[in-house]
Amino acid sequence: MALVDEVDARSPMQKAYHYVMQTCGLSAGIIIGVVSVVIVLNVLSRNLGFGSIYGTVEGSEYAISGATFLAAPWVLYYGAHVRIDLLQQVLPKSYRKFLEMGINLLGALVCLCFGYYLLSTGTDYLSRGTMVYKSFVFPEWWTFILPITCFALLSIEFLRRLWRLTYATGELG
């Protein structure tokens, strides 16, 4: 928890953001747990001759995808993502902060682009009224809700990190 300030020392907005991130991580964990139990139950059901539980495979695919999109902002928030910092290690200390700022800015821009195109495509599917017809039948735009949310939260987190690097220390170099 060293990468994240203590919750008590935060403003109400920072606390709310912290709890949104906690909710994302907890939701992802619960989804993975439920999927694990359902898959085991499905295997048991088939092996005992009761047949497969309807929609298990498709439901698991959607759930794991959703868990991934929920977990990504949470992982970035805690700085628990995979990070290759070879370039940062060889740079003089005075330039490391600028590299980190550039990485955060690039991350925010990439996430904003992905989010924009997901939102554009999702609203197009919404206006057309397209549906998914598989084990479950539902409007196709629903599949865009978590990815759009994920990229919005990732953008906010990258910008928050950039802000902290730029202004929290009161210096740029």
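Predicted model: local features only at pLDDT ≥ 70, side-chain atom pairs only at ≥ 80, totals over all residues.

A: Phe151 counts as buried because its relative accessibility is 15%, where buried means under 20% relative accessible area, exposed means over 50%, and partly exposed lies in between, with a 1.4 Å probe and protein chains only. Its ring partner is Phe114, and the two form a stacked aromatic pair, 5.2 Å from centre to centre and with 20 degrees between the planes. In general, a pair of aromatic rings is described by the distance of the centres and the angle of the planes. Here rings of Phe, Tyr and Trp (its six-membered ring) pair if their centres lie within 6.5 Å, and planes under 30 degrees apart count as stacked, over 60 as edge-to-face and the rest as tilted. The pair links distant parts of the chain, as Phe114 belongs to helix H4 (residues 93-128) and Phe151 to helix H5 (residues 145-168), 37 residues apart. Phe114, at 47% relative accessibility, counts as partly exposed.

Residues are numbered from 1 along each chain as its sequence is written, and side-chain values use heavy atoms, with hydrogens and water left out.

The structure holds 12 aromatic pairs, and ring pairs also link Tyr17, Trp74, Tyr77 and Tyr78 into a cluster.

The protein chain has five helices and two strands, which follow one another along the sequence as α-α-α-α-β-β-α; helices (H or I, at least four residues) and strands (E, at least two) are DSSP runs, numbered from the N terminus.

The loop between helix H1 (12-47) and H2 contains Gly55, which is buried at 12% relative accessibility. Leaving aside residues up to four places away in sequence, Gly55 touches Ser60, Ser135 and Phe136, where contact means heavy atoms within 4.5 Å. Between Gly55 and Ala28, which are 27 residues apart in sequence, the distance from C-alpha to C-alpha is 20 Å. Thr56 lies in helix H2 (residues 56-77) and is buried, with a relative accessible area of 7%; with residues up to four places away again not counted, Thr56 touches Val38 and Asn42. By contrast, Val90 in helix H3 (residues 86-90) counts as exposed at 65% relative accessibility, and the C-alpha atoms of Val90 and Tyr116, 26 residues apart along the chain, are separated by 35 Å.

Finally, the whole chain gives the setting for these parts. The C-alpha trace spans about 65 × 40 × 35 Å along its principal axes, and the radius of gyration is 20 Å, whereas a compact globule of 173 residues would have one near 16 Å; the radius is taken over C-alpha atoms, and the globule rule is 2.2 Å times the number of residues to the power 0.38. Buried residues make up 29% of the 173 residues. Among contacts with a separation of 6 or more, 71% are accounted for by residues 24 or more positions apart.
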